[in-house]
Structure formats: structure tokens, C-alpha cells
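Subject: A structure for you to look at

Hi,

Here is the structure I promised to pass on. Have a look at it first, and then read my notes below.

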Amino acid sequence: VIVYAQTEESASYREVWRTEIMQNTRHPDFASTHIMDYVFEERQQLKFSVYYVDSTAATSALEKQDYLGSVECSLGEIIGAPSCTLVRTPTLQKGRRGTGKLVVTAEETSGSKDLVVLHFSATKLDKKDLFGKSDPFLVLQRKFPDGGKFVPVHRTEVIKNTLNPFWKPFTLPVTALCHGDYHRPIRIECYDWDSDGGHDYIGAFVTTLAELKSKQKDSFQCVNETKRRKKKHYVNSGTINLLKCVIRERHTFLEYIKGGCQIHFTVAIDFTASNGRPCQPTSLHYANPYQPNDYILALKAVGQVIQDYDTDKVFPAFGFGAKLPPNTEASDEFFLNGHLENPYCEGIEGVLAAYHHRTICAVFWSYELRSHHQPRSEVCCKTEGR
């Protein structure tokens with residue numbers, strides 16, 4: 001499913017999110033979610049387009065996929081629907097109705113910034129494959145507070161041909177797992193993977209993040225209620241073991257800045273012949289008297305933001321791919337300000353001044369570097385925290 005949002009400037013849609021691809025199933029239950037701002041005063045129009053993917057290698061080429069229909073609605077319609085769940089039949093082109101139902105659910109996010117790291121294994125799971133053991137994977141589900149429905153939030157990888165799998169550790173936002181409520185029920189289901197998409201249910205258990213975090217229990221019975229009702233002496237379909245549960249705080253960008261983090265800004269500008277001569281209007285370095293060129297626009301757009309987070313506001317600036325006066329020797333790297341030992345420029349205005357000076361003085365290397373350098377302009381950032 002591809003989600004589009006209508007832009008404020010026009011009635012056109014822009015893509016904002018794609019779900020994961022569910023293989024070989026007519027009843028997909030997507031685990032991925034998308035967070036978007038809800039503005040009560042505005043009508044936020046959305047479009048959900050459903051595709052059947054023939055080739056995962058070409059998912060970006062939508063014309064190569066089978067279009068199954070779209071649903072158009074507003075975010076307010078989803079929130080105003082019973083249990084914040086909207087159910088619609090997708091519409092094909094020219095108003096023709098498609099088949100099936102698209103179910104969209106919304107829930108207000110909490111302010112929790114925590115992350116939870118979980119690691120599970122299992123022992124003595126039920127054998128589901130005729131000529132093998134089982135190919136187990138886990139599905140973690142969050143419970144909605146009003147309707148009592150569980151919705152998937154994460155799927156582990158599949159471990160082939162084993163009844164005692166060890167899954168890889170994974171990290172989830174606490175808001176995704178339990179909406180920040182450590183006592184909200186979490187259902188963990190275990191399935192045997194099948195290539196046709198008809199995965200066999202092994203069993204499940206219900207817990208909470210508070211219980212997982214306390215580690216009072218490190219193993220949970222994986223129970224299949226259907227088998228328990230039918231079999232008199234049924235105990236369980238295996239055991240799910242909790243190997244790790246760690247809560248980590250996810251710091252915001254502002255918290256990093258408050259903690260002393262600085263962003264250091266380094267500029268490298270391409271002067272190879274592929275950019276064209278600066279005296280020609282087709283050149284990326286052309287000094288247009290009426291508007292800045294693309295290099296200047298990029299430097300201003302990024303540099304003027306970054307410089308606010310650098311205390312000394314001096315930036316190293318480099319160039320490559322030019323013959324430099326007075327001896328016109330070819331240079332793979334030179335200081336943009338013309339200094340022999342110090343590449344630093346005072347602020348973004350200093351970088352721009354050095355760039356203007358260099359485009360006038362540098363004689364472009366017309367052919368030597370064309371085969372060695374791909375045309376590029378690089379803006380490099382690194383962070384340091386203390």
C-alpha cells in the first residue's frame with residue numbers, strides 16, 4: 001500500500017509512505033506504521049493505493065505492478081470512524097469498484113521517547129512441516145484500548161527447519177509496541193512460515209512490557225487455544241524464552257545540542273570540466289548577475305542552517321579538478337580560499353567569497369580529470385558530543 005497526502009499548494013498528491021510487502025497472501029495485515037501531524041483546523045486529504053507486486057526488484061516502477069484500487073479520505077474521517085478504524089472498498093479507474101476491503105486505523109501517539117531492545121528464542125515448538133520440522137517466526141501485536149483488537153507492530157525473521165529457534169535481537173519504539181503504556185497487553189504469536197503465504201499458527205501468549213522489563217518471567221508457554229480445547233492432556237505448543245529486554249532512552253536532536261554536541265561543516269566543490277566553463281550560461285558555475293547558481297544555492301541552503309550549531313563558525317572549504325594559477329598545475333585538492341596551509345573560511349559568507357574568487361582565478365581542467373572524477377558537489381557533516 002502506498003500512502004499519498006494532498007499538498008497545501010495544489011490538489012496534487014505526493015507520496016509520504018509505503019508499507020512493507022506481504023508475500024503470497026490475499027489478507028495482508030501490515031505491521032509498519034506512519035506518524036503524521038493531525039491539524040484539526042485543516043482537511044488533510046489522503047489517498048491509499050493498493051498494488052500487487054509482481055517483482056520486488058522493481059517496486060519503484062509502479063507501472064510494472066498490478067493496480068488493485070485506491071481509497072481517498074481525510075485524516076478526520078479515519079479519526080471520526082468507530083474505534084478510529086475506517087473500512088472502505090478500493091476504487092479502480094473510472095469509478096469502478098474493486099474487490100476486498102482496505103482497513104485503516106489511527107491512534108494518537110504518546111510522548112514516550114524510549115526504545116525497547118528485545119531478544120527471543122523458543123524451545124520444543126510444534127512440528128508443522130510434513131518433510132521437516134518448522135520454520136518459525138514471531139509476530140508482536142499491540143492492543144487497541146477501546147475495541148480490544150490486536151494489531152501487528154513487528155515480525156521477526158524466519159528461522160528455517162528448527163523447533164528451537166534463536167531470533168535476532170530487534171529494537172522498537174515503546175510508542176509502537178504499547179503506546180507508551182507499559183501495562184497495555186502485548187500479544188506475541190508464533191507461526192510456521194509457508195511459501196504460499198498460508199502460515200500455520202503454532203501458538204501465542206499475552207504479556208506486558210512491564211512484565212518483560214521486570215524479568216520476573218523469562219519463559220512463556222506458547223498456547224494454541226484450539227488444540228487445548230480439543231486435546232484433553234494438551235499442555236502447550238512450545239515455550240518462548242525472553243533472552244533480553246532493555247529499555248533505552250532515545251534522545252532528541254535538541255537534547256544532543258544542549259549536551260554540547262556541535263556540527264562541523266566541511267565543503268568540497270567540483271571544478272572539473274563536466275561543470276562547464278563559468279563564463280558560459282550552461283555551466284553550473286555560471287556567475288549569473290540576476291540569480292545565484294546551483295552551487296551557491298546549495299551552500300546557502302545547508303550552510304546557513306548548520307553554522308548556527310558551530311561555535312567558532314569557521315569552515316574548511318576545498319576544491320578539486322582545476323588547474324591553478326600562476327603555473328596552471330593540475331590539482332586533485334586545493335584550499336578554496338587560496339591559502340597554502342589554512343583551508344578555513346569565516347562563516348558561510350567567507351566560503352561564498354572564496355568560491356567566487358576561485359571561479360574567477362581557476363582555469364578549468366578540460367579533459368584530464370573527466371575520466372577520474374564523477375561530477376559532484378559534496379557537503380560533509382560530522383557530529384561531536386561531549
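Let's begin with Lys 113, which sits in the loop that runs between strand S6 (102-105) and strand S7 (114-123). Please keep in mind that this is a predicted model.

Which residues does Lys 113 touch, once neighbours within four places in sequence are left aside? The contacts are Arg 248, Glu 249, Arg 250, Thr 252 and Glu 255. With Glu 255 there is also a polar contact, side chain to side chain, at 2.7 Å.

Now for the empty space. Rolling a probe the size of a water molecule over the atoms shows where such space is left. The second largest pocket has a volume of about 480 Å³. Its lining is made up of 22 residues, and those nearest the centre are Met 22, Phe 137, Arg 155, Gly 197 and His 199. Strand S8 (136-143), strand S9 (150-155) and strand S11 (185-192) are the elements that each give two or more residues to this lining. The largest share, three residues, belongs to S8.

What classes of residue line the second largest pocket? There are nine nonpolar, nine polar and four charged residues.

Happy exploring!

Note on methods
Residues numbered from 1 in each chain as written. Predicted model: local features only at pLDDT ≥ 70, side-chain atom pairs only at ≥ 80, totals over all residues. Heavy atoms only, no water. 1 Å grid on protein atoms, 1.4 Å probe; cavity = no way out; pocket = protein on both sides within 12 Å on 5 of 7 lines; lining within 4 Å. Points joined across faces, edges and corners; volume = space filled by probe spheres on them. Helix = DSSP H or I, 4+ residues; strand = E, 2+ residues; numbered from the N terminus. Nonpolar A, V, L, I, M, F, W, Y, C, P; charged D, E, K, R; others polar. Contact = heavy atoms within 4.5 Å. Polar contact = N/O pair within 3.5 Å; in protein donor to acceptor, adjacent residues only side chain to side chain.
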